[in-house]
Amino acid sequence: MSVTLKQFLADGRLKRHRSSPREIRDLLRVADRDLKDAAVTAISLDRRFITAYQAVLQLATIVLAASGFRATGAGHHWVTFKTLPELLGQALQNLSDYFDQCRTKRNLSDYDRAGEISREEAGELLKEAKKFRPAVLGWLKKHHPTFLPK
């Protein structure tokens, strides 16, 4: 069973939020920096994966913010990814699930153990993050064009 925006609001996991073009632009700049940094082969695979994950999280946060929400409290990354299908469409359910699986791996790698990320995992997440960026920008153009960076 999927949790809805309405349920997340009622539980206090989401708050209403008034975004701005500047906020969206700033989040996009952070995501772009992280996409670039995640491609640096001189850093560990763990760090590349974590940095690509951060880019995805920022892009998903753009979707939430433009839609008038902000995830809060413990589990806010999970909430951010769980809202994507409702906001972007059910076609993104598999991608949302994948990003949530990456969240779990990121937590393990960032907090518990080094060396848990393979070259394939780091590469796949970066590839998916790079594909997610234009999807988010296309969604913004269609649904919230006033937030598009100029």
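1. The accessible surface of this predicted model comes to about 8,200 Å². Carbon and sulfur atoms account for 51% of that surface.

2. As to charge, the protein carries 26 positive and 17 negative side chains. The centres of these two sets are 8 Å apart.

3. Six helices and two strands make up the secondary structure, and their order along the sequence is α-β-α-α-β-α-α-α. The radius of gyration is 15 Å, close to the 15 Å that the globule rule gives for 150 residues, so the protein is as compact as a globular protein of that length. The C-alpha trace spans about 40 × 35 × 25 Å along its principal axes.

4. Of the 150 residues in the protein, 44% are buried. When contacts between residues at least 6 apart in sequence are considered, 71% of them join residues at least 24 apart.

5. The largest nonpolar core comprises 44 residues, and the members with the most contacts inside it are Leu14, Ile62, Phe81, Leu84, Phe99, Leu125 and Phe132. At least two residues of this core come from each of helix 1 (5-11), helix 2 (21-38), helix 3 (45-66), strand 2 (69-71), helix 4 (76-88), helix 5 (93-112) and helix 6 (119-143). Helix 3 gives the most, with 13 residues.

6. Which residues does Leu84 contact, leaving aside its neighbours within four places in sequence? They are Ala60, Val63, Gly89, Ser96, Phe99 and Phe132. Phe99 and Phe132 are also listed, with Leu84, among the core residues with the most contacts inside the core.

Conventions:
Residues numbered from 1 in each chain as written. Predicted model: local features only at pLDDT ≥ 70, side-chain atom pairs only at ≥ 80, totals over all residues. Heavy atoms only, no water. Helix = DSSP H or I, 4+ residues; strand = E, 2+ residues; numbered from the N terminus. Rg over C-alpha atoms; globule rule 2.2 N^0.38 Å. Buried < 20%, exposed > 50% of the residue type's maximum accessible area, 1.4 Å probe, protein only. Contact = heavy atoms within 4.5 Å. Areas by Shrake-Rupley, 256 points an atom, 1.4 Å probe, with all protein chains shown as cover. Lys, Arg positive; Asp, Glu negative; His and termini not counted. Charge placed at Lys NZ, Arg CZ, Asp CG, Glu CD. Core = buried A, V, L, I, M, F, W, Y, C linked by side-chain atoms within 4.5 Å.
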